Amino acid sequence: VSDFKGFFTSHYFHPIGMDADETVSLNVDVFIDTEGQIDMTVRRQSLISSSLQCIILRGWTIPRLNYRGAPMLFNYVWLRDHCRSASSFNTATNQRNVDTGSIDLSIRPVRTNLQGDNLILTWPDGHTTEYSLAWLFENSYEKQKQTPVQRRILWNADVYNKAHVQPAKWEKFMETDDELKKFLRNYLLYGIAFVDEVPNTVEATEAVTQRASLIRETTYGKMWCFTSDFSRGDTAYSQLALDRHTDTSYFHEPCGIQVFHCLKHEGTGGRTLLVDGFYAAEQLRQKSPENFELLARVPIRHEYIENTDSHKNHITAIGPVLQAYPWNNEVYMMRYNNYDRSVMNTVPPDAVQRWYVAHRELTAELRRPENELWVKLTPGKVIFIDNWRVLHGRESFTGLRQLCGCYLTRDDVLSTARCLGLEGLS
């Protein structure tokens, strides 16, 4: 520490970004962490606004800004890379022009100014970058860390039923963007949404799905129509009850949206079970954060093997049960399918027992009766399910039951939502 203090024998020097003949007064705060790393905060006293400070963090000099009481840390390479000037960013295509690979990784501005609520940086080659503090705040790590990527309403059966979420109506849904927007808002908030009064055909079902997104063709085809005839090597093609699960957990990117339309049922039973997986995951996080973390960290394998006369498939993928964004720990995907979970050979031996304990606790949350929403699908009622969030199952049934449906691409339904102004939900 004495050597470090000796480096600043005077509190006056010429910092980067100021004129060469300008001397400013500085206060230096020193922090040494447990690893012996030295961090410094250098506060310029003669600055026009106290909103701008200079930080030396683990050997790198970076600016720290304050906007309406909120601190923000930035990197100089980042500030040059994200410049929105005409030569650096194409506003017609919303694409970057600047060559990131050519930016000097030790770049520093030769001049830094705050003019009102705008930060102006002049770089060594004479290029000028200007940012509004509002734009920097919206795109700062600190803001993103506190902001969900997608706002959601987590629910159990009581919460959902009390919300009285209204289904969209076929004709208005197909003809007006207002009805489509209401539908998408419900879908994004709750992970499920319904369209009623749809004509009782595969063709109409296909049309209503394409109003919201693009159909994702898989090994099951584009639009599929099935009964309990065991025509495919999957338990879904039976009359048996199905426990709650997400589909296509054996895909590297599981299908984003599941669509069902019951075209005919001449029998009993067959109600659809819906469970908000993110609600259960949040309960787990609050009660056993270490088990939540384990399920979000340890990858496991899922597998689909089909060997019938007409279909042969062997599909496998590896991923954790829960996937969360690292900067805010927000869950964005759940892979939960006990039918398709393969041999667990990707879990270290010392973690296997802990994984089973964590999985059991999550399963207990998913199986709580108060978390189960039961829906009877009838001809004309089409359901859209967020397959990354909401688990579905069914009770056993008798008689002829014919369903049609498909998978939809997740990216395209989110794109449609943003284009309709649902930016904060998508």
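Residue Q258 lies in strand β17, which spans residues 257-266; strands (E, at least two residues) and helices (H or I, at least four residues) are DSSP runs, numbered from the N terminus. The model is predicted, so that local features need pLDDT of at least 70 and side-chain atom pairs count only at pLDDT 80 or more, whereas totals for chains, interfaces and linings use all residues. Residues are numbered from 1 along each chain as its sequence is written, and side-chain values use heavy atoms, with hydrogens and water left out.

Q258 is buried, with a relative accessible area of 1% (buried means under 20%, with a 1.4 Å probe and protein chains only). Beyond its neighbours within four places in sequence, Q258 is in contact (heavy atoms within 4.5 Å) with residues including W224, D247, F384, H392 and Y407.

In helix α9 (residues 277-287), the buried residues are G277, F278, Y279, A280, A281, Q283 and L284. These buried residues pack against β18, α10, β21, β22, α11 and β25. At the start of α9, a side-chain oxygen of D276 comes to within 3.1 Å of the backbone nitrogen of F278.

The structure holds 2 cavities of 30 Å³ or more. A cavity is a set of points on a 1 Å grid over the protein atoms alone where a 1.4 Å probe fits but cannot get out, and lining residues have an atom within 4 Å of a point.

Notes:
Buried means under 20% relative accessible area, exposed over 50%, partly exposed in between (1.4 Å probe, protein chains only). A polar contact is a pair of N or O atoms within 3.5 Å; within protein, one must be able to donate a hydrogen and the other to accept it, and residues adjacent in sequence count only if both atoms are side-chain atoms. On a 1 Å grid over the protein atoms alone, a cavity is a set of points where a 1.4 Å probe fits but cannot get out, and a pocket is an open set with protein on both sides within 12 Å along at least five of seven lines; lining residues have an atom within 4 Å of a point. Grid points are joined across faces, edges and corners, and a volume is the space filled by probe spheres set on the points.
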